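Take a look at the model below.

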Amino acid sequence: MKLKRRDFLKLSAGSGLLMAAAGPTAALARSDKKALPPDAVGILYDSTLCIGCQACMVACKTANKMPTETDDPSKRWDNPPDLSSNTLNIIKRYTNGTGATKDQEQDGYAFVKRQCMHCLDPSCVSSCPVSALTKDPKTGIVAYNKDACIGCRYCQIACPFNIPKFQWESTTPEIVKCQLCQHLMKEGKYAACCSSCPTGASLFGPMEDLIKEAKRRLHLEPGTYADFPLNQIGGGTPRTTSRMVGHYVQQLYGENEVGGTQNLLLAGVPFTKLGLPELPDEAFVRLADGIQYAIYKGMAYPLVLLGALIYMIRKGETSDNKE
Amino acid sequence: MENKQPLGGRLLTGPFVFFLTLLLIGAYFAVQRFTYGLGSVSNMNDGYPWGIWIALDVVVGTALACGGYTMALLTYAFNRGEYHPLVRPALLTSLFGYSLAGVSVIIDIGRYWQAYNIILPWHSNLHSVMFEVAVCIGAYCLVLWIEFAPTVLEKFKSDQLLKKLNRVLLIFIALGILLPTMHQSSLGTMMLMAGYKLSPLWRTAFLPLLFLLTALIIGFAVVIYESLFSSAAFGLPKETPLLSKLSTVAFWCLLLFMVIRLEDVNLRGYLPLAFDGSFVSNMFLLENAFLLGGLLLLMYPGNRKCPKLLFLAASCLLIGGGLYRFNTYITGFDPGNGWHYFPSVGELCITFAIVAVEILGYMWCVKRLPVLSAHQKA
């Protein structure tokens, strides 16, 4: 078959249309483990220091102007059963048997703080078709923009921690999640849950300092007394408090899980008991991204296929006409 | 092409009124959804953010609408002109299937008035599988309308426009094959993101290939189904020789699918999980039982010549293939933390209404537009 000028025009028009539709998919790229953003901040939560006072929950609701959640008709208490579109941060309790001893798996209890993990390679950000969820290139905070969001809820499917919540009862629903009090940082303040924590269980600071501090704790002798920084670290000498060192599970949760997170946890009972899933070191999004990348790299395969299709259809048409 | 005619006849038949009623009930719940929010109508929740509107109307629905894709593939790309009589009716069902999947999505998404953000370059996220699927399905809807346009133009005898359209139709036919190949496989890639929340009986890197194959299998089955149904319902002669050829193609696709599907679960070592007696495992077995049933029925060439057995086999393929897709999105998905999901009455009614619109539209079109091959009424 000779390629006539008209055919060529058709072909290029077809390709152009496709390029316009999905061409920039060429930008899709697999990437290896993501590095920490330059000014990455985060939270180190230490379950062994937490006394379950829920001051962080109150502070969180105040800072983010969220209503209380309760079964009590007087509405005096805030007692949410779990994270929701009205609760960005929650202290939950694990109990076993008699529940007598703190931070003990058998016949004990332990607290855990749940909120957005601010992943280094966030599935919600990758999955969002309209970039409503973004990871700040400097601080690494995963934030939400309601003006971009179309409400498809793919972020909820993709998040391995089930963090994004949806306002099901609203006619103009939004996705709701912890944004690490990004709005307070502009005023020189920091995450309300950490600034309100009286025991040092929730600690705010630069990621590198937090990881260093966590590693230090894992090397302390259980049962001895040591100094623990309060509220935040990273700027000058922190306020400290002297507490007994707990029997840590030798794992810093969030250091490697799904490629690493900016919310780190230490605990005295296994993390799966606290409702934190056992996760691989690579984000699930990598596999999906890899497949998409292999197929759509430079849109080469789709364009070749389109060309071949046009050729075959054309050939079929001319042979039909001859008959 | 010239021998296609409208069937004519009365529109307001019993079935027509029945489906119209379903449509009105669904419309009531749709109004409620837009006035009081998604939570007032649906049982979807933060653990199961996607319900039957996505799993049935979009994921299974667009597969059922793949008749146009498979017929275009056979007729135009593989130049099997003999399938030509099946193209137009298949295209029509595709047109309705895809357009209504689009309607479902608008009902489902929370911030529908911002849906156009997807195509605004400063919002588009090219890393998102959802982006690829949304853009592809949107583009394919347009392509389907253009592909079907000659039927409408013939009706209104606008020959000039028809001539112009026929000149560029080639590109749209090619796109009509390329676009479904892209987004039907991506519908599988989509659930890879769910990670551990999706049962290992369904989660595999083969998801895109398996979804593409089910699109083909369901596409072939739906054409067989629809042809047999039209012959029975509208008293047209049967197209059995053509259908038996078509079912041979369907058989080989299905065989390929079953080998990959079962061997993949087996090699990853999760086959024992299928027999642990849980609801999820039983759904896995049920899904594969239907597909294996269809495979066995189609294995014997003699069976492919018998309309009754063809009907049975096509039913198996439709149910089994549909279950595979439904299970990947709902049954096999478990976010943990004690979340449950079962569709509410309102949700079901909206889905029924969507199906009703498809049937009503099909009925109207074959009676008023030149879609089906003209024959003497039997």
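What follows is a short walk through this structure.

This is a predicted model: local features need pLDDT of at least 70, side-chain atom pairs count only at pLDDT 80 or more, and totals for chains, interfaces and linings use all residues. Residues are numbered from 1 along each chain as its sequence is written, while chains are lettered from A and ligands numbered from 1 in the order in which they are written.

Start with strand β1 of chain A, residues 41–46. Strands (E, at least two residues) and helices (H or I, at least four) are DSSP runs, numbered from the N terminus. Six of the six residues of β1(A) are buried. Buried means that 20 or more other C-beta atoms, placed from the backbone, lie within 10 Å of the residue's own.

In a regular strand, side chains alternate between the two faces of the sheet. Both faces of β1(A) are covered. V41(A), I43(A) and Y45(A) are buried on one side, and G42(A), L44(A) and D46(A) on the other.

Which strands pair with β1(A)? Two strands pair if DSSP finds at least two bridges between them. β9(A), residues 202–206, pairs with β1(A) in the antiparallel sense over five bridges. There, F204(A) is the bridge partner of I43(A). β12(A), residues 263–266, pairs with β1(A) in the parallel sense over four bridges. Here L264(A) is the bridge partner of L44(A).

Now for the two chains. In chain A, 53 residues are in contact with 51 residues of chain B. Contact means C-beta atoms, placed from the backbone, within 7 Å. α9(A) gives the largest share of chain A's side, 10 residues.

Conventions
Buried ≥ 20, exposed ≤ 12 C-beta atoms within 10 Å, placed from the backbone. Contact = placed C-beta atoms within 7 Å.
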